[in-house]
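Here is a short briefing for a reader new to this structure. Please look over the sequence and the fold before reading on.

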Amino acid sequence: MKKRDVIIVGGGASGICCAINLKRANKNLSVTVLEQNDKILKKLLKTGNGKCNIGNENITKDRYHNFDFFKENIPSFDIKKYFLDMGILLKKDEIGRLYPYCESASNVVDILRNEADRLKVEVITEFTVTDIKKTKLNYEIYGKENYQTNVLVLACGSIAQSHTNGYELARNLNHTVTDLKAGLTPIKVKEDVKSLQGIRIKCRAIANDFARDGEILFKENGISGILSLELSRYVSNNDKIVLDLVPNVDEKYIENFIENKAKSQRYDRDSLLIALSGMLPKMLSLLIIKKSKNIEEIVKNIKNLTLTVDSLYGFNNSQIVVGGVDIKDIYSTFESKINNNLFIIGEMLDVDGDCGGYNLYFAWLSAYICSNSIIKENFTKS
Ligand SMILES: Cc1cc2nc3c(=O)[nH]c(=O)nc-3n(C[C@H](O)[C@H](O)[C@H](O)COP(=O)(O)OP(=O)(O)OC[C@H]3O[C@@H](n4cnc5c(N)ncnc54)[C@H](O)[C@@H]3O)c2cc1C
């Protein structure tokens with residue numbers, strides 16, 4: 001069996017950054033990343049619609065679910081400096097989302113890959129870890145070759161638009177995996193919204209405990225866009241979603257607006273359509289007029305367009321997975337409470353964030369804390 005100081009299973013965002021951090025801290029460590037795909041960082045390429053929404057300026061616990069294992073504040077991690085040191089300059093947009101200036105996930109992948117190469121991180125692709133055994137002294141890792149290591153990091157990601165047996169590997173090491181559900185995923189609705197396909201609208205969505213403003217993109221049979229991706233965590237089949245299509249305008253104002261515009265003409269479909277044309281996209285106006293018997297109902301539907309959840313799109317369409325390795329068995333250093341020198345990081349854990357860079361931020365943060373802790377506990381600097 002080949003022996004390494006640290007083995008990392010998974011060459012995604014968290015795994016590669018963990019390897020880079022370890023080699024930066026101690027270049028003499030033998031650090032090997034085992035990746036099942038033919039290339040590392042494949043999911044990163046898809047992020048932020050290819051622009052890579054790499055993080056967010058406003059990191060607070062309430063943007064995450066299950067972040068409570070950091071008892072006090074979230075440990076400080078200067079993401080801008082971290083990526084600047086790597087040669088990636090970040091900028092923020094109007095709502096605090098961080099992107100590389102180049103707006104290219106592919107450039108970010110190239111830079112991370114080059115940095116891993118420069119530091120002589122050993123990366124072995126097309127290597128699926130099929131089994132891990134804990135012995136008295138260390139861990140044995142099985143795949144197309146077999147390895148031994150004292151320090152093992154599981155960074156296997158999730159099954160959102162991907163596949164992994166990582167949860168199984170964790171279970172075999174006596175960890176519990178909570179129920180898995182598609183997260184940040186489009187929502188299928190029962191109503192016929194086909195005519196609205198492709199329309200984007202800034203609105204307010206209200207359902208169960210959720211009430212937030214943002215953008216919705218209508219799909220052939222449902223809704224997508226950041227607002228509905230975030231909403232997806234709060235709804236189940238048959239729940240009602242209420243959309244306020246003009247959130248900052250009250251009903252009386254809208255009623256007067258429509259009446260003033262339409263009164264010069266007849267209150268027929270065409271004159272109502274003209275009246276609504278300064279407020280809503282045409283196809284949305286048509287749908288609302290079709291649903292309403294009079295102006296009162298038009299106003300009601302503009303302020304409370306109700307959709308019924310048919311189902312959520314599954315893992316093949318979701319950005320993340322809600323659920324994962326139970327954090328009750330994980331220290332805030334990301335070390336396992338069950339197995340010494342086993343660390344679990346990134347999306348594999350039962351931690352998930354909102355849309356807007358929060359999930360990648362967690363991948364970088366967990367890699368950073370985990371690598372610091374590995375160095376502190378196991379290896380002295382050279
Ligand atoms: C379409 C899409 C867009 C997204 N956009 C954003 C965004 O803009 N901003 C944001 O913050 N988040 C975004 N996310 C979420 C974000 O990409 C993930 O949260 C993040 O990549 C998780 O990093 P990770 O290292 O935990 O997992 P991953 O990046 O998924 O890496 C895990 C790696 O482990 C490998 N692996 C798994 N099992 C094994 C095994 N047994 N043996 C060997 N290798 C294995 C996998 O092949 C994979 O390469 C998006 C996700 C998707 C799907």
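Which residues does V153 touch, not counting residues up to four places away in sequence? V153 touches V6, I8, V9, G15, C18, F343, I345 and C370; contact means that two C-beta atoms, placed from the backbone, lie within 7 Å. The model is predicted: local features need pLDDT of at least 70, side-chain atom pairs count only at pLDDT 80 or more, and totals for chains, interfaces and linings use all residues. Residues are numbered from 1 along each chain as its sequence is written.

**Overall layout**
- The chain has 11 helices and 20 strands; these are DSSP runs numbered from the N terminus, with helices (H or I) of at least four residues and strands (E) of at least two.
- The C-alpha atoms fill a box of roughly 85 × 40 × 40 Å, taken along the principal axes.
- Domain 1 covers 2-181 + 320-378, and domain 2 covers 187-312; the bounds come from an automatic or database domain assignment.
- The C-alpha centres of domain 1 and domain 2 lie 40 Å apart.
- Of the contacts with a separation of 6 or more, 72% join residues 24 or more positions apart.

**Cores**
- Buried residues make up 43% of the 382 residues in the chain. A residue is buried if 20 or more other C-beta atoms lie within 10 Å of its own, exposed if 12 or fewer, and partly exposed in between.
- In the largest nonpolar core, of 69 residues, V153 and I344 touch the most other members. Such a core is a set of buried Ala, Val, Leu, Ile, Met, Phe, Trp, Tyr and Cys residues joined through C-beta atoms within 7 Å.
- Helix α11 (residues 358-378) gives this core its largest share, 12 residues.
- Another core lies apart from it, with 41 residues, among them I159, L184, L229 and L312.

**Helix α7**
- I254, I258 and A262 are the buried residues of α7.
- They lie on the same side of α7 because they cover an arc of only 50° around the axis, taken from the directions from the helix axis to the C-beta atoms.
- On the other side, K252, Y253, N256 and N260 are exposed.
- The cover over the buried residues of α7 includes α8 (269-276) and α10 (295-303).

**A three-stranded sheet**
- An open sheet runs in the order β3-β6-β5, with antiparallel pairing; two strands pair if DSSP finds at least two bridges between them.
- β3 (55-56) and β5 (90-92) each have a single partner strand, so one side of each is left without a neighbour in the sheet.
- Three bridges join β5 to β6 (residues 97-100).
- K92 has L98 in β6 as its bridge partner.
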